[in-house]
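Colleague: Please take a close look at the aromatic ring pairs in this model. How are they arranged, and what sits around them?

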Amino acid sequence: MAFGLDGAPLAEAQQEFTQHYPRDGWVEHDPEEIWTKTLAVTRQVLGRAGTVAAIGITNQRETAVLWDRRSGKPVYNAIVWQDRRGAAHCRQLVAGGHAKLIRATTGLVVDSYFSATKLAWLLANVPGARERARRGELAFGTIDTFLLWRLTAGKVHATDATNASRTMLFDIARQQWSDELLALFEIPRAVLPEVRDSAGAFGRAEGLGTALPITGIAGDQQAATFGQACFKPGTVKSTYGTGAFIVMNAGADLPAPAEGLLATVAWRLGGKTTYAVEGAIFNAGTAIKWLRDELKLIAAAGESEALAKALSGNRGVYFIPAFTGLGAPHWDPDARGAIFGLARDTGRAEIVRAALESACYQTRDLVEAMRGGA
């Protein structure tokens, strides 16, 4: 998207890309497809927007990519935030008594949602990856870091504090990578990006027809929190996409959130950190997408509203969209989706309404947790 100096949108472009599900609970993306389509939509927007002063990157925060520093080629598909292949590793960490350390250091619960177990899996399962990482031949990053590397032709390997705070490797009080956690996950420091403020000089983008400065990076939910003007402690945003996320500005002091909620970095500007409390729902829009693409109950997402409104109630039908486990405040990676209350006369309208309502019920869970009810 391109915005004017007054914040008004000037141009936008978007493309879907492929979701890969190689096994139950595994979700992958092709980094090359992400790069190609990002480049295509960026060029479209630049062509419509006229003179552009700078570029900012916002991204899904936990999706992990590992690539060769010399060629820039990924050594494996991107492991997506929804991927649960690290669940067994997380159970081992909890059983080993490491949950308290991870929570105190990172503000996070031990879950494969975050990047650490994804990176650990890549280093353990891609042939030669660990040795190459130790020699400094491989680079790790979330999607922002991968795009920044590509845009700067491999000159800049960096991320911002919001994305770093979602790796389960970052000390959010000290604002640096944790040597203790790197040792715990057996991750060489050489593979990690430099962590910078959310706004600043990140290099210049090449290959766009003109060299444009990249002056900001922020994870999607933190960017939304800032964009919704949650500048004061206690202000909250709730946004809905693939998943759904409630984020509350917690101010300059590191918060101690209720059980099941996360402490995270809201943004870091001028070296000063603002913290947040977050609740994450893994599946919201994906429930509607599932109805459209797999069940074929609707042809387009917009049809769901009319079908839901055609009913006076849900007729006792409830939908739990735990396709890839449950996020906050339950954090159950082994949970799977279910539909309850089916009767002989249950039809597509009831199922569609239940899918929409599932986002409401999950949101209520998070609100109650933030109020201390979890």
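Modeller: Start with Tyr318, which is partly exposed at a relative accessible area of 38%. Here buried means under 20% relative accessible area, exposed over 50%, and partly exposed in between, with a 1.4 Å probe and protein chains only. Tyr361 is also partly exposed, at 43%.

The model is predicted: local features need pLDDT of at least 70, side-chain atom pairs count only at pLDDT 80 or more, and totals for chains, interfaces and linings use all residues. Residues are numbered from 1 along each chain as its sequence is written, and side-chain values use heavy atoms, without hydrogens and water.

Rings of Phe, Tyr and Trp (its six-membered ring) pair if their centres lie within 6.5 Å; planes under 30 degrees apart are stacked, over 60 edge-to-face, the rest tilted. That rule gives 20 aromatic pairs. Phe282 and Trp331 are edge-to-face, because their planes stand at 75 degrees, with the centres 5.8 Å apart. Phe282 lies in the loop between β17 (272-281) and α10 (285-293), and Trp331 in the loop between β18 (318-320) and β19 (338-340), so this pair ties together parts 49 residues apart in sequence. Helices (H or I, at least four residues) and strands (E, at least two) are DSSP runs, numbered from the N terminus. Both Phe282 and Trp331 are buried.

Back to the tyrosines. Tyr318 and Tyr361 form a tilted pair, 5.9 Å centre to centre with 50 degrees between the planes. Tyr318 is in strand β18 and Tyr361 in helix α12 (residues 348-370), 43 residues apart.

Ring pairs also link Trp81, Tyr113, Phe114, Phe245, Phe282 and Trp331 into a cluster.
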